[in-house]
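Colleague: I am new to reading models. Could you take me through one, feature by feature?

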Amino acid sequence: MAVRSNIVGIDSPEALEKALRAAYYLADEGLATAAYLGLALGKPLLLEGAPGVGKTEAAKAIAAVLGRQLIRLQCYEGIDASAALYEWNYPRQMLAIRQAGDDSIDIYGETFLIERPMLAALRAPDSTVLLIDEIDRADQEFEAFLLEFLSDFQISIPERGTVRAAERPVVVLTSNRTRDLHEALRRRCVYHWIDYPTAEREARIIMMRASSVAEATARAVVAAVEKLRREPLSKAPGIAEAVDWAEAATLLNKGGARWPDAFKRSIGVALKDEEDLHFVAPRLDAMLAEATA
């Protein structure tokens, strides 16, 4: 295994953590270490955690630190190889055949190939980061196909031959753990579980992402979302919702709304499900009063 101990000037987890912070992403020691090892060992990074804890944002920040383009493959139920690898532009092929008449034409040339995320990453491994987002939403058949890709970083196009990556591409996989991933997939990756940040770290994230938000407002939002996350909600507020809620409440406060009424009036920025709103409504005033005390 080829070890790359220095990646674009990053020679330690601490250096990566600092670089991520400069890219407006606050990574803890565990995430910075896992990401560094994934880069240094040339292994995919598998990030699991609840929705909204910052898995996708971590991939974006890593791409920014490396100065690379992020190529995102959003997984869904029923996704297949044609959506992930490539497909042929059949209408263009048929048009070319008609226009060629009796002349010979290669309908499997580059101009007829529609490049999808995984093929794009193989062709430009030194300038891209491949994000395979929410792999747990894909079928197990696609997961098995992905195993082969992550083993050799090559694909076979029957009409054109095998495409191999010139170097091991940077790959980040995310999972909300709605189902268990195959053990073979986990073995190919450096794994890290991302939990909700501590109150102190989340307040820092809010103030970093929303510079107009005062520290007291950020801490009040953190206290409120922590209470909401303990409720049996269908969609608990993530970090992005916390940032948006702090910004929205600040905007209303500047327009004349008092605290904690500004939080209550902007609750739709944090909770985005009618049943969740109805469930917390009887206790929302008490929650906000305690959070802003």
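Colleague: How do the residues of the lining of the largest pocket divide into nonpolar, polar and charged?

Modeller: First, this is a predicted model: local features need pLDDT of at least 70, side-chain atom pairs count only at pLDDT 80 or more, and totals for chains, interfaces and linings use all residues. Residues are numbered from 1 along each chain as its sequence is written, and side-chain values use heavy atoms, leaving out hydrogens and water. Now the lining: 18 residues are nonpolar, 9 polar and 12 charged. Asp, Glu, Lys and Arg count as charged; Ala, Val, Leu, Ile, Met, Phe, Trp, Tyr, Cys and Pro as nonpolar; the others, Gly among them, as polar.

Colleague: Which residues lie nearest the centre of the largest pocket?

Modeller: They are G52, V53, G54, K55 and I239, out of 39 lining residues. A pocket is an open set of points on a 1 Å grid over the protein atoms alone, where a 1.4 Å probe fits, with protein on both sides within 12 Å along at least five of seven lines; lining residues have an atom within 4 Å of a point.

Colleague: Which element gives the most to the lining of the largest pocket?

Modeller: α11 does, with 5 residues. Strand β9 is among the elements that supply at least two. Helices (H or I, at least four residues) and strands (E, at least two) are DSSP runs, numbered from the N terminus.

Colleague: Why does H192 count as buried?

Modeller: Buried means under 20% relative accessible area (1.4 Å probe, protein chains only). H192 counts as buried because its relative accessibility is 13%. H192 sits in β9, residues 190-193.

Conventions. Buried means under 20% relative accessible area, exposed over 50%, partly exposed in between (1.4 Å probe, protein chains only).
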